[in-house]
Amino acid sequence: MTREPVDGARRLLVWCGGSCLLFVLAAVVLPLVGPTTLDWARLWHHQEPEWSIVTHLRFSRTVLGLFAGGALALAGSLFQSMLRDRLATPYTLGVSTGASLGAVLAIASNWSMAGGLAGVWTGALIGAGVVLAIVMGAASSDGLVWSSSLLLAGIAVNSVCAALILLVHGLSGMSQSFAISRWLIGGLDAIDRTTLIMYIVVILAGAYAVLRRARQWNLLAVGEDWAAARGVAVRRMLVEGYLAGSVLAATTVALTGPIGFVGLVVPHLLRSRLRGDDRVIMPCAFFLGGVLLASCDVVGRVVMAPAEIPAGAITAIVGGPHLIWMIRRRSPR
Amino acid sequence: MHEGPGVVHHPCVRRVGRACCTVIALVALVFCVALPVGSQTPAVAARIVSTSPSITETLFALGLGGRVVGVSTFCRFPPEVVRLPKVGTFLKPDAETIASLKPDLVFVSAGPNAVAAQLGVLGLRASVVDVSSLPTVFSAIRRIATESGIPRRGDELVASIRVDLDRIERAVARRPPRKVLIIVGRRTGTLTDIVAVGPTSYLSDIATIAGGTNVLSTVAVEYPRVSMESIIALAPDVIVDVGEMGESPADSARRQQTTERLWKAQTLVKAVRENAVHAINDDAFVVPGPRIVDVARTMAAWFHGVTVR
């Protein structure tokens, strides 16, 4: 009788511990790989430029990739459980597209810097905040929020924001148009330490808010009535989940631009292994999503060095065929 | 009565005469039809529409500015084009707006759009112009001149540009080439997501003429994305940054200050340490047209301190 909980705890330990270890290992190893050949003796003696290349440029980029991939994969798995939609991604509920619209408006209106932060980052955060308020307002009735109305409002706002991006892009000048096109491709790059630390704090707070409710997401994934019957405050959970997932996705999009696929493919690959237990899937999605994005970024930096391929393109090229292979393996013959 | 030699009345002779005339007419007709189209010089176009800044600048340099009735949204040089009707961007020109201007010749920039075909359906003459490397800048000038009915002026303009470029090349020929990185795009307000000029771009050719060597000359991409790490490793002597251009002089000046401040923090980059980063807001640097001579002169001054008139 006690075997199942023991197995569950062991699985949680093995999977979460293993993926956490991979996450830490990636943070240590990936900065040692890059487009330029390093003189290890100079690096060991903290000599420039090797020391700064590894500790400043590569490390900040790797950490950004780890946390960005983690945030997107966690937001993806959260929205999939919350909306009971296996095709949900961090971009489904419109906040990420709102962030993109904010960034595009910042570029089009020549907003270079704002409060010490790059204008695109500030613009993206403002855009995400505005869309968050609009979707929440549209989806709530008498102070209550339903997942179906959240999904519909999110999709509607998503479409409007996407249309406005096209409009702003069409009306902007030549250099702005080029900058917008590049931003919409998305990708990782080294950022300054202060911004990186602020970003990590926000992502850890968002991840904590999601992971501490993993049991409730499990119940909600079965059905709202079913979860409510087991003591879950469904309406409050939906609001909390939407806010936390939006914070994860929007802050990431603000720094990296829209990077697709991580938020869809990582939760799916884990679900095929872990049978829908969000207590294991969500932390593993965070760690492995980060490892996937940071590793793909390294591949993108090295393959055509010194030219780079955007990390999002590599994740899609690597993850897509793997997902198809998994689906084919699971489908009945 | 004796009949003169010029008066022939015999029916047989008349038939032979008619047959000869018919044969001559047929030969003339066949000759006209079979004449190669390329050998005909098109009539001088009276109403011309341009869909890209490089085409517009070429038309004005050819002396056809007075015939231009529509330009792209991005066209800003020469200043008089600002007042002309806009027909969309070079990526997406609007066939309906172009047709409403009743042009007899439309120059379309090569790219993924169907506007040339759409204009053909509307019965308008469209010519597709492709500009990427320096040789294509010259072939584009010749094509624009020929299609506009003034082929000789095209040859003259190309010859004049070549002479100027040769003069610049000779002025820097004895100096060791400087390693150059030309940045054409990056994320606004940051030094991230940097896009630079690869070896096949016309800007790379111009930099070579001005006594430089593109540090990305081995990359098989026209406009590669590069990281700060790669820039440190490539160690360019000079960086030309046109990644953040403004839409007005005031905006350009503000952006230039931001760009300079951003680069100053990158002390591991050789060009920064040697104070050789040039943040530029002149759109001549991104328009592959007749102003490439000005670009080459500016680059020669930056690379080697040489002033060429």
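Which loop of chain A holds A:Pro306? Keep that in mind while you set up your viewer.

**Before you start**

This is a predicted model, in which local features need pLDDT of at least 70 and side-chain atom pairs count only at pLDDT 80 or more, while totals for chains, interfaces and linings use all residues. Residues are numbered from 1 along each chain as its sequence is written, chains are lettered from A and ligands numbered from 1 in the order in which they are written, and side-chain values use heavy atoms, with hydrogens and water left out.

**Stop 1**

Select A:Pro306. You will find A:Pro306 in the loop between α13 (278–302) and α14 (311–330) of chain A. Helices here are DSSP runs of H or I with at least four residues, strands are runs of E with at least two, and both are numbered from the N terminus.

Next, jump to chain B and select B:Phe77 and B:Pro78. A cis peptide bond joins these two as well, with an omega of about -10°. B:Pro78 sits in the loop between β2 and α3 (95–100) of chain B.

**Stop 2: positive phi angles**

Select A:His46, in the loop between α2 (40–44) and α3 (50–82) of chain A. The phi of A:His46 is near 60°, a positive value in a residue other than glycine.

In chain B, go to B:Ala235, which lies in the loop between α8 (228–234) and β9 (238–241). B:Ala235 is not a glycine either, yet its phi is positive, at about 45°.

**Stop 3**

Which helix gives the most to the patch? Helix α1 (residues 3–29) of chain A does, with 5 residues. A:Leu22 lies in this helix α1, and A:Leu22 counts as partly exposed because its relative accessibility is 41%.

**Stop 4: salt bridges**

The structure holds 25 salt bridges over all chains. A salt bridge is a side-chain nitrogen of Lys or Arg within 4 Å of a carboxyl oxygen of Asp or Glu.

Select A:Arg61 and A:Asp297, whose side chains meet in a salt bridge (2.8 Å, N to O). This pair links distant parts of the chain, with A:Arg61 in helix α3 and A:Asp297 in helix α13 of chain A, 236 residues apart. Both A:Arg61 and A:Asp297 are buried. They also belong to a network of salt bridges, whose members include A:Arg182, A:Asp189, B:Arg187 and B:Asp193.

Now try B:Asp164 and B:Arg167, where the closest N and O atoms of the salt bridge are 3.3 Å apart. The two residues are separated by about one helical turn, because they are 3 residues apart in helix α6 (residues 151–172) of chain B.

**Stop 5: a sheet in chain B**

Show chain B as a cartoon; it has 11 helices and 10 strands. Look for the open sheet of 4 strands in the order β2-β1-β3-β4, with parallel pairing. Its edge strands are β2 (68–70) and β4 (126–129), and each pairs on one side only. Two strands pair if DSSP finds at least two bridges between them.

Zoom in on β3 (residues 105–109), which pairs with β4 of chain B in the parallel sense over 4 bridges. Which residue is the bridge partner of B:Val108 in β4? The partner is B:Val128.

Definitions and conventions: Buried < 20%, exposed > 50% of the residue type's maximum accessible area, 1.4 Å probe, protein only.
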